[in-house]
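Good morning, and thank you for joining this group meeting.

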Amino acid sequence: MTEMLLKYFRNQQKQVQSEKLYDTQCPYCSMQCKMQFVEQTIVTRKKYMTIGKDNPTSQGRLCIKGMNAHQHALHHERIKYPLLKVNGEFTRISWEEALNHIKENFTKIQSEDGMNALSVYGSASITNEEAYLLGKFARVALKTKYIDYNGRLCMSAAASAASQTFGMDRGLTNSLSEIPSVQCIILAGTNIAECQPTIMPYFEKAKENGAFIIAIDPRETATTKIADLHLKVKPGKDAALANGLLKVIIDENYVDETFVQERAKGFTEVKEHVSSFTLEEISEWTGVPVADIRKAATMFGKKETGMIFTARGVEQQTDGSIAVRNFLNILIATGKLGKWGCGYGAITGQSNGQGAREHGQKADQLPGYRSIENEEHRAYIASVWGIDQDEIPRKGVSAYEMMEKIHDGEITGMFLMCSNPIVSNPNANFVKKALNKLKFLVVVDMFISETARLADLILPTSSYLEDEGTMTNVEGRVTLREASWPTPGEVKHDWQIICEIARVLGKGEYFSFSSAEEVFNELRVASRGGIADYYGITYERLRKEGGLLWPCPTLNHKGTDRLFEQSFAHSDGLASMVTVPNRPEVPKEQLSEEFPLYLTTGRVMSHYLTGVQTRKSSSLSARNFESYMEIHPNTARKYDIQDQSLVKIESKQGSIIVRSKWSETIRPDTVFVPFHWADSQNVNCLVSEKLDPTCRMPGFKVSAVKIAPVV
Ligand SMILES: Nc1nc2c(c(=O)[nH]1)N[C@H]1C(S)=C(S)[C@@H](COP(=O)(O)OP(=O)(O)OC[C@H]3O[C@@H](n4cnc5c(=O)[nH]c(N)nc54)[C@H](O)[C@@H]3O)O[C@H]1N2
Ligand SMILES: Nc1nc2c(c(=O)[nH]1)N[C@H]1C(S)=C(S)[C@@H](COP(=O)(O)OP(=O)(O)OC[C@H]3O[C@@H](n4cnc5c(=O)[nH]c(N)nc54)[C@H](O)[C@@H]3O)O[C@H]1N2
Ligand code: SF4
Ligand SMILES: [Mo]
């Protein structure tokens with residue numbers, strides 16, 4: 001009898017409980033961890049969770065952000081209909097009304113202020129298909145030269161350094177699978193433990209295998225804890241520190257003479273340059289003891305295999321691109337490129353930080369990493385797009401410079417997709433003022449972000465759970481993000497929105513796509529023969545093979561795991577070394593009596609970028625619900641600042657108020673504030689407008705500030 005009852009209940013349970021699985025990829029960082037969104041129905045109750053799924057990059061792992069990503073996607077504040085600002089209030093309108101409104105305002109601006117008065121601001125958190133389409137939209141549908149994207153604030157220094165040194169920019173020159181066997185690793189200005197947590201096992205394995213790990217960071221972080229040697233550099237002095245390392249490598253003869261002779265140019269000049277300064281000078285300028293510089297260089301020089309990784313600590317500087325080039329000089333001098341266990345990694349930031357920098361959203365770029373100023377490249381892309389070569393506008397300006405052009409009245413309209421620039425741009429108060437001056441601002445977002453609040457029209461877009469497309473991850477591996485969760489309300493995908501606006505502007509014939517895959521098939525052709533060649537990659541292959549590393553020029557090409565084995569991508573096949581001054585040509589913010597402390601900015605594990613998504617997630621915001629300032633207790637006492645008390649931080653640009661957090665492990669001359677919070681906690685109100693002269697990267701990582709307790 002009991003057994004019969006049990007059987008009965010089990011059957012009942014089966015009927016009322018169901019579980020549906022949706023394949024997807026994490027919307028946050030460049031690891032692009034594959035995962036499954038799980039919807040359980042228990043009686044009438046729904047329960048949701050996210051679990052990891054095996055793949056070559058993250059191997060099934062997830063971090064806390066990935067596990068809770070669905071919380072923002074399912075959040076009740078998702079916008080579900082187009083919203084028009086009427087008398088200062090957002091009012092629901094239909095898509096038809098929204099599209100007509102765009103047509104009317106765009107056409108008016110074009111006739112009143114000229115074609116280049118419209119601008120496009122894109123993102124590296126959208127798919128390759130969408131990034132490609134946005135570039136095409138600016139050039140073909142709007143005919144404007146003004147397009148740039150948030151990746152300018154992220155990957156531009158590393159991208160420009162790799163392009164100049166190697167002739168090609170793929171974040172990692174080797175696949176992650178080589179890391180466990182690398183014998184010496186330099187982690188410069190990267191906090192992988194908090195920012196790409198699922199990459200850590202590769203480095204932990206290397207350590208188990210005896211690797212010597214060197215970290216360069218002004219703070220102790222979860223990442224520097226795995227290092228054997230931590231160089232606690234003064235913020236902004238990485239270029240000089242790399243010169244110190246190079247000097248030891250050259251003076252102590254760790255140079256791979258054959259490699260510098262046969263595979264590179266510029267070594268003689270670099271050798272001469274390093275003889276013009278002493279290690280003591282470098283030590284004083286960078287704050288790193290001579291013995292530590294010597295130890296790091298010796299270890300890197302003498303080990304047979306070695307890799308250097310940089311991230312935003314080194315790159316988000318007004319000399320970021322040349323600082324990275326100096327780390328690449330070290331790799332070339334020691335011959336640690338193009339072979340097993342030897343290479344460079346610029347740890348990519350956003351989910352599609354790699355792919356979105358290859359297919360034409362950048363001010364000076366056409367798809368396939370082509371140049372908009374190169375006649376051959378223009379001719380090829382014009383042929384793919386079916387337009388005349390002369391119709392493609394010339395290059396525009398970088399993201400922040402577009403804000404300046406708005407301020408000057410040259411740009412009067414903006415179409416902004418997937419970014420929150422009034423929180424993420426430097427000189428945030430100025431950027432807010434600029435966006436407020438626009439005649440017409442359209443923002444495409446999932447939420448009413450701080451920037452969307454300023455918009456005239458907000459268009460509701462789909463989340464990662466709903467929007468299918470390809471993303472190119474930290475390795476340069478193109479992956480297919482499946483998405484089958486239904487879109488809420490009247491939400492549309494970013495690529496659909498672009499196509500529909502093009503249609504009402506009379507350019508529908510160039511944007512007649514009915515799926516992301518169709519867009520990808522055009523992207524494949526547009527990238528064909530370019531540096532970032534995706535031609536051989538198809539949705540079918542991605543489904544079957546689980547991701548392919550570009551370049552992949554033909555349908556039977558297996559993708560490229562390791563770059564530069566035989567030659568570099570410059571036309572002469574050589575890597576290009578450069579001499580880097582210890583003191584940058586454009587001086588950085590200097591400490592003064594009035595502003596006696598360095599401010600550096602960055603991230604915490606539980607939040608993502610400007611926090612619009614992660615602040616919506618209860619599990620994530622419970623971990624850090626407000627901003628803070630990390631400060632050394634000795635410094636705090638000097639300025640009368642208690643632990644956990646409110647402190648005012650002020651620079652020449654502005655001021656903010658956050659809570660103090662004492663930490664014995666940060667440099668005493670430096671404070672750190674994360675940038676995930678807005679309004680009165682927006683740290684970018686303090687960051688200056690100065691840009692790297694080469695790549696136009698802002699100097700997010702060094703400001704001069706003063707601090708005072710809030711009474
Ligand atoms: N949890 C989380 N993960 C993320 C993101 C996020 O917002 N949150 N964002 C993603 C994106 S878009 C990006 S770009 C990456 C960023 O990834 P990272 O670049 O690793 O992150 P950051 O915290 O900006 O900076 C890294 C480290 O640089 C150090 N640093 C500051 N100034 C200097 C300096 O002058 N020299 C050196 N050598 N180091 C310095 C900081 O103390 C910090 O520990 O992370 C991605 N992953
Ligand atoms: N002080 C300081 N400032 C920094 C940095 C720093 O280290 N320090 N780092 C810089 C870096 S590396 C980066 S990458 C930038 C990033 O800064 P932002 O470009 O501002 O990035 P997010 O905060 O991710 O803003 C993305 C917005 O798009 C929305 N969104 C998310 N997914 C989608 C989508 O699929 N489609 C659409 N249409 N919208 C979507 C989100 O809700 C959010 O409002 O910040 C930079 N700013
Ligand atoms: S945030 Fe990055 S490491 Fe974490 S789950 Fe998402 S993709 Fe993976
Ligand atoms: Mo980034």
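Predicted model: local features only at pLDDT ≥ 70, side-chain atom pairs only at ≥ 80, totals over all residues.

A polar backbone atom of H607 lies 2.6 Å from a nitrogen atom of ligand 1. T600 places a polar side-chain atom 2.9 Å from a nitrogen atom of the ligand, while K701 has a polar side-chain atom 2.9 Å from an oxygen atom of ligand 1.

How much of the accessible area of ligand 1 does the protein cover? On its own, ligand 1 has 910 Å² of such area, and the protein covers 100% of it.

Which elements give two or more residues to this shell? They are α7, spanning 192–195, α14, spanning 312–315, and β23, spanning 597–602. In terms of domains, domain 3 (156–347) and domain 4 (597–709) each supply at least three residues to the shell.

There are 34 residues around ligand 1, and those that come nearest are D217, G236, D238, R603 and H607. Sorted by class, the shell holds 12 nonpolar, 14 polar and eight charged residues.

I turn now to ligand 3. The residues around ligand 3 include the cysteines C26, C29, C33 and C63. Also present are Y28, M31, Q32, L62, K65, G66, P197 and T198. What is the make-up of this shell by class? Around ligand 3 there are eight nonpolar residues, three polar residues and one charged residue.

How values were computed:
Residues numbered from 1 in each chain as written. Chains lettered and ligands numbered in written order. Heavy atoms only, no water. Near = heavy atom within 4 Å. Polar contact = N/O pair within 3.5 Å; in protein donor to acceptor, adjacent residues only side chain to side chain. Areas by Shrake-Rupley, 256 points an atom, 1.4 Å probe, with all protein chains shown as cover. Helix = DSSP H or I, 4+ residues; strand = E, 2+ residues; numbered from the N terminus. Nonpolar A, V, L, I, M, F, W, Y, C, P; charged D, E, K, R; others polar. Domains from an automatic or database assignment.
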